[in-house]
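Please report on this structure for a reader who works with coordinates.

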Amino acid sequence: MQRRSTRSFAARPLSIAQVALMVWAAQGQTTGERRSCPSAHALYPLTLTVVAGNVDGLAAGAYRYDAERDVLTLIADGDHRDRVAGTTLADHAWLRQAAALLLLSGDLEAAAQHFADQPPVGRRGARYVWLEAGHAGQNIYLQAAEAGLGAVLVAGFDDDRLLGLTPAIVPSGQHPLALLGVGHPADLQS
Ligand SMILES: Cc1cc2nc3c(=O)[nH]c(=O)nc-3n(C[C@H](O)[C@H](O)[C@H](O)COP(=O)(O)O)c2cc1C
């Protein structure tokens with residue numbers, strides 16, 4: 001009932017524990033090496049990148065989430081929120097105010113090959129990756145609602161500009177699928 005898209009964020013930082021909760025909800029391991037998200041053939045083709053800018057206890061930077069170890073690894077230091085949010089089609093200025101951006105990406109080619117025997121031949125694998133990104137996005141939304149945080153899924157971005165950012169934010173060989181802004185909603189600011 002409380003899940004809504006938040007497009008106005010407070011200046012208050014997220015805690016590292018809140019970021020940990022969000023990334024775990026998106027892709028974290030649960031039991032038997034399975035994850036919070038359903039995944040065709042339990043292949044887990046998604047990569048989660050955290051673009052942190054306003055997180056207590058986490059230096060500004062882009063981090064890759066390692067689901068098996070439940071850790072974030074720095075891939076590019078500095079605040080990259082402006083550059084990433086600047087690739088949105090409507091240039092969502094408010095997205096730059098989100099404490100962290102969570103980017104879901106995946107290897108569509110590898111998935112197409114893995115599911116090559118399933119019709120429509122050559123196309124089903126990519127569908128599975130997109131579907132899984134939807135599950136991960138909804139998990140982030142629901143976890144945010146549960147934790148009293150705001151989240152918004154932004155899929156309207158320029159693939160080429162996002163892929164062309166230097167230093168790279170999207171992993172090599174992967175396709176950007178969805179971007180989510182998370183933070184404290186502005187109306188809860190004290
Ligand atoms: C596939 C998809 C793409 C979306 N892309 C954007 C976007 O680019 N920018 C944006 O502000 N919201 C985007 N949204 C959020 C929708 O605008 C939002 O979910 C819708 O207005 C319903 O509002 P609610 O989420 O608060 O219930 C997207 C949602 C989905 C599912």
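## Gln 143

Gln 143 counts as buried because its relative accessibility is 16%; buried means under 20% relative accessible area, exposed means over 50%, and partly exposed lies in between (1.4 Å probe, protein chains only). Gln 143 sits in helix H4, residues 124-146. Helices (H or I, at least four residues) and strands (E, at least two) are DSSP runs numbered from the N terminus. Apart from neighbours within four places in sequence, Gln 143 is in contact with Leu 21, Met 22 and Ala 25, where contact means heavy atoms within 4.5 Å.

## Basis of the values

The model is predicted: local features need pLDDT of at least 70, side-chain atom pairs count only at pLDDT 80 or more, and totals for chains, interfaces and linings use all residues. Residues are numbered from 1 along each chain as its sequence is written, and side-chain values use heavy atoms, with hydrogens and water left out.

## Ligand site

Which residues surround the ligand? They are Arg 3, Arg 4, Ser 5, Arg 7, His 92, Trp 94, Leu 153, Val 154, Ala 155 and Gly 156; a residue is near a molecule or strand if one of its heavy atoms lies within 4 Å of it. By class, this shell has four nonpolar, three polar and three charged residues. In that scheme Ala, Val, Leu, Ile, Met, Phe, Trp, Tyr, Cys and Pro are nonpolar, Asp, Glu, Lys and Arg are charged, and the others, Gly among them, are polar.

A polar side-chain atom of Arg 4 is 2.8 Å from an oxygen atom of the ligand. For Ser 5, a side-chain N or O atom lies 2.6 Å from a ligand oxygen atom. Ala 155 takes part through its backbone, with an N or O atom 3.1 Å from a nitrogen atom of the ligand. The ligand taken alone exposes 630 Å², of which the protein buries 53%; accessible areas come from the Shrake-Rupley method with a 1.4 Å probe, and for residues only the protein chains shown count as cover.

## Salt bridges

The count of salt bridges is three, a salt bridge being a side-chain nitrogen of Lys or Arg within 4 Å of a carboxyl oxygen of Asp or Glu. Arg 69 pairs with Asp 66, with the closest N and O atoms 2.9 Å apart. Arg 69 is exposed, because its relative accessibility is 56%, whereas Asp 66 is partly exposed at 24%. Arg 81 pairs with Asp 79, with the closest N and O atoms 2.8 Å apart. Here Arg 81 is buried at 12% relative accessibility, and Asp 79 is partly exposed at 40%.

Arg 96 and Asp 82 also meet in a salt bridge, at 3.7 Å from N to O. Arg 96 lies in the loop between helix H2 (81-85) and strand E6 (100-106) and Asp 82 lies in helix H2, so this pair ties together parts 14 residues apart in sequence. Arg 96 is partly exposed at 23% relative accessibility, as is Asp 82 at 45%.

## Arg 64

Arg 64 is located in strand E4 (residues 61-66). Beyond neighbours within four places in sequence, its contacts include Thr 47, Leu 48, Val 71, Ile 75 and Pro 171. The side chain of Arg 64 makes a polar contact of 2.9 Å with the side chain of Thr 49 and reaches the backbone oxygen of Ile 169 at 2.8 Å. A polar contact is a pair of N or O atoms within 3.5 Å; within protein, one must be able to donate a hydrogen and the other to accept it, and residues adjacent in sequence count only if both atoms are side-chain atoms.

## Backbone geometry

A cis peptide bond joins Pro 119 and Pro 120, with omega about -5°. Pro 120 is in the loop between helix H3 (108-114) and H4. The peptide bond from Thr 166 to Pro 167 is also cis, with omega near -5°, and Pro 167 is in the loop between H5 and E8.

Glu 33, although not a glycine, has a positive phi of about 65°. This residue lies in the loop between helix H1 (16-27) and strand E2 (46-52) and is exposed, with a relative accessible area of 63%. Asp 70, also not a glycine, has a positive phi of about 55°. Asp 70 lies in the loop between E4 and strand E5 (71-77) and is partly exposed at 43%.
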